[in-house]
Amino acid sequence: MTGRLSGKRAIITGGAGGIGSEAARLFCAEGASVLIVDKDPAVLEQGLKEINAEALSGRIESFAADVTSPDDAERSIEKAVRTFGGFEILVNNAAIRNIATVATSDISDWARVYSTNVIGSVNFTKAALPELRKNRQSSIIMVSSCFALVGRASWPVYDATKAALLALTRSLAVEEASNGVRVNA
């Protein structure tokens, strides 16, 4: 590895599995300190074992939080600041899926998936912005999908949230550029 993230500090939501744990593993291998956030403490514990940051050059901590809760987002930010002295990178990765057509999905499915995938990203972004703005060279990474741009059967709920994240990314990039915060999807 190149050490490209040496000395950097990151928060990764949905960090205990899938894309989140792979991002955490890569960030640690590149020298970053990482706080992985996930809802289930047991999943977090297993994720920490699988990431095995001690064998990499980074440092990793975990925090159980529900991204749909603004209070949990604030507590996660406080944990990263207490543990690492701050952070420069936020990866909004937490997401849940729903496989159903528009005709067969229930409005509660839409609300639940939007709450996690979109509102969760908003909660963490709002909570993180004061710290990210301090650094003037910070990044927010929204994990979207190519399916935000291409329709597919039985995935409209999930894909619509990923399209919403693209729009959010564009707006945030414009809003935060003068604050030194890059926003990408």
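Guide: A charge sits over a ring if NZ of Lys or CZ of Arg is within 6 Å of the ring centre and within 35 degrees of the ring normal. This is a predicted model, where local features need pLDDT of at least 70, side-chain atom pairs count only at pLDDT 80 or more, and totals for chains, interfaces and linings use all residues. Residues are numbered from 1 along each chain as its sequence is written, and side-chain values use heavy atoms, with hydrogens and water left out.

Visitor: Which residue lies over the face of F147?

Guide: The distance to the ring centre of F147 is 3.7 Å. A charged end also sits over the ring of W155, 4.1 Å from its centre, and belongs to R152. The residue over F147 is likewise R152.

Visitor: How are the rings of W110 and Y114 arranged?

Guide: Rings of Phe, Tyr and Trp (its six-membered ring) pair if their centres lie within 6.5 Å; planes under 30 degrees apart count as stacked, over 60 as edge-to-face and the rest as tilted. The search finds 2 aromatic pairs in the whole structure. For W110 and Y114 the centres are 6.5 Å apart and the planes at 20°, so the pair is stacked.

Visitor: Is W110 buried, partly exposed or exposed?

Guide: Buried means under 20% relative accessible area, exposed over 50%, and partly exposed in between (1.4 Å probe, protein chains only). W110 has a relative accessible area of 21%, so W110 is partly exposed.

Visitor: What kind of pair do W155 and Y158 form?

Guide: Both W155 and Y158 are buried. Their ring centres are 5.6 Å apart with planes at 75°, so the pair is edge-to-face.
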